[in-house]
Amino acid sequence: MPEEYLVRNCAPTLAGLKTGSLFTCPYTSKEQLISSLRCMNCRLRPKGLRLIPLRFSEEKALLYLFRPKHLSEDLSDASAAELLKQEGYDPENYKSCILHLCHKLREQAEFPHEIGLFLGYPPEDVCGFIENQSCNCKCMGCWKVYGDEEAARKKFAQYKKCTRVYCDRLAHGGRLERLAVPSR
């Protein structure tokens with residue numbers, strides 16, 4: 001998998017601004033993709049990042065780049081934990097949450113709406129999305145906002161700027177290991 005693909009889709013996560021990023025990646029050989037993910041993880045693991053496949057289709061894989069430490073913290077938020085428990089997750093164990101998410105992604109036709117919690121979206125917005133059946137949001141960017149619109153708009157602008165800067169740095173010879181910020 002080319003570095004450009006990862007940076008274009010995951011810059012805010014690489015920068016430590018976002019818990020996780022989700023994207024699809026085309027592949028011709030599942031074995032080659034898994035080998036590429038192993039290599040990428042060897043490079044990113046020292047920075048506190050993991051890259052895993054959540055689901056495979058015939059020609060594409062759904063990949064998840066995340067920061068385990070941040071994910072564990074996000075899932076332990078009281079509102080997030082309550083929603084996850086209602087959906088059959090154990091929010092005290094982020095690894096089992098990811099496994100349960102993988103199972104749901106493979107078994108269900110539509111995305112489980114709680115997936116936003118795995119991406120660092122505010123729990124109030126994830127709950128608002130579910131309760132309003134994706135209608136009546138205050139604004140839209142990386143996600144639909146039902147809570148703090150001003151904070152969300154700032155995040156959206158921050159993520160957009162980060163992606164632009166990271167893509168520019170990579171295009172001018174920046175290395176992925178230097179772009180990836182260590183977890184705090």
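**Loop, cores and helix packing**

Mentor: Start with D90, which touches S96 and C97 once residues up to four places away in sequence are set aside. Keep in mind that this is a predicted model.

Trainee: Where is D90 found, and is D90 buried, partly exposed or exposed?
Mentor: D90 is in the loop between α4 and α5. Its relative accessible area is 40%. Buried requires under 20% and exposed over 50%, so D90 is partly exposed.

Trainee: How far apart in space are D90 and R106, C-alpha to C-alpha?
Mentor: In sequence, D90 and R106 are 16 residues apart. Their C-alpha separation in space is 19 Å.

Trainee: Is E92 buried or exposed?
Mentor: E92 is placed in the loop between α4 and α5. The cut-off for exposed is over 50% relative accessible area. E92 has 74% relative accessibility and therefore counts as exposed.

Trainee: What distance separates the C-alpha atoms of E92 and C162?
Mentor: Along the chain, E92 and C162 are 70 residues apart. Their C-alpha atoms are separated by 31 Å.

Trainee: Is K104 buried or exposed?
Mentor: K104 lies in helix α5. Leaving aside neighbours within four places in sequence, K104 contacts E87, Y89, P112 and E114. The relative accessibility of K104 is 8%, so K104 counts as buried.

Trainee: How many Å separate the C-alpha atoms of K104 and V126?
Mentor: K104 and V126 are 22 residues apart along the chain. The separation of their C-alpha atoms is 17 Å.

Trainee: Which element gives the most residues to the largest nonpolar core?
Mentor: That core has 27 residues, of which L54, Y64, I98 and F118 touch the most other members. Two or more residues each come from β3 (60-66), α3 (68-75), α4 (78-86), α5 (94-107), α6 (115-118) and α8 (149-171). The element that gives the most, with 5 residues, is α5.

Trainee: Are α3 and α5 roughly parallel or roughly perpendicular to each other?
Mentor: The axes of α3 and α5 come within 10 Å and cross at roughly 85 degrees. Angles of 65 to 115 degrees fall in one class. α3 and α5 are therefore roughly perpendicular.

Trainee: How many polar residues does the contact of α3 with α5 have?
Mentor: From α3 come P68, L71, S72 and L75, and from α5 come Y94, C97 and I98. By class, there are 6 nonpolar residues and no charged ones, and the number of polar residues is 1.

Trainee: What is the orientation of α1 relative to α8?
Mentor: Helix α1 (residues 3-14) packs against α8 with the axes 8 Å apart and an angle of about 140 degrees. Roughly antiparallel would need an angle over 145 degrees. The two helices are therefore oblique to each other.

Trainee: How many charged residues are in the contact of α1 with α8?
Mentor: α1 passes α8 in a right-handed crossing. The contact is made by E3, E4, V7, R8, A11, P12 and L14 of α1 and by Y159, C162, T163, Y166, C167 and L170 of α8. By class it has 9 nonpolar residues and 1 polar residue, and the charged residues number 3.

Trainee: Which residues of α7 meet α4?
Mentor: α4 and helix α7 (residues 123-131) pack at about 40 degrees, with their axes 8 Å apart. This contact has 6 nonpolar, 1 polar and no charged residues. S79, A80 and L83 of α4 meet, in α7, P123, V126, C127 and I130.

Trainee: What is the phi of Q133?
Mentor: Most residues other than glycine have a negative phi. Q133 is in the loop between α7 and β4 (139-140) and is exposed at 66% relative accessibility. Q133 is not a glycine, yet its phi is positive, at about 50 degrees.

Notes. Residues are numbered from 1 along each chain as its sequence is written. This is a predicted model: local features need pLDDT of at least 70, side-chain atom pairs count only at pLDDT 80 or more; totals for chains, interfaces and linings use all residues. Side-chain values use heavy atoms; hydrogens and water are left out. A nonpolar core is a set of buried Ala, Val, Leu, Ile, Met, Phe, Trp, Tyr and Cys residues joined through side-chain atoms within 4.5 Å. Buried means under 20% relative accessible area, exposed over 50%, partly exposed in between (1.4 Å probe, protein chains only). Helices (H or I, at least four residues) and strands (E, at least two) are DSSP runs, numbered from the N terminus. Axes are lines fitted to C-alpha atoms, for helices over the stretch in contact, and angles run from 0 to 180 degrees between N-to-C directions. Angles under 35 degrees count as roughly parallel, over 145 as roughly antiparallel, 65 to 115 as roughly perpendicular and the rest as oblique. A crossing is left-handed if the near helix is turned anticlockwise from the far one by less than a right angle, and right-handed if clockwise. Contact means heavy atoms within 4.5 Å. Ala, Val, Leu, Ile, Met, Phe, Trp, Tyr, Cys and Pro count as nonpolar, Asp, Glu, Lys and Arg as charged, and the others, Gly among them, as polar.
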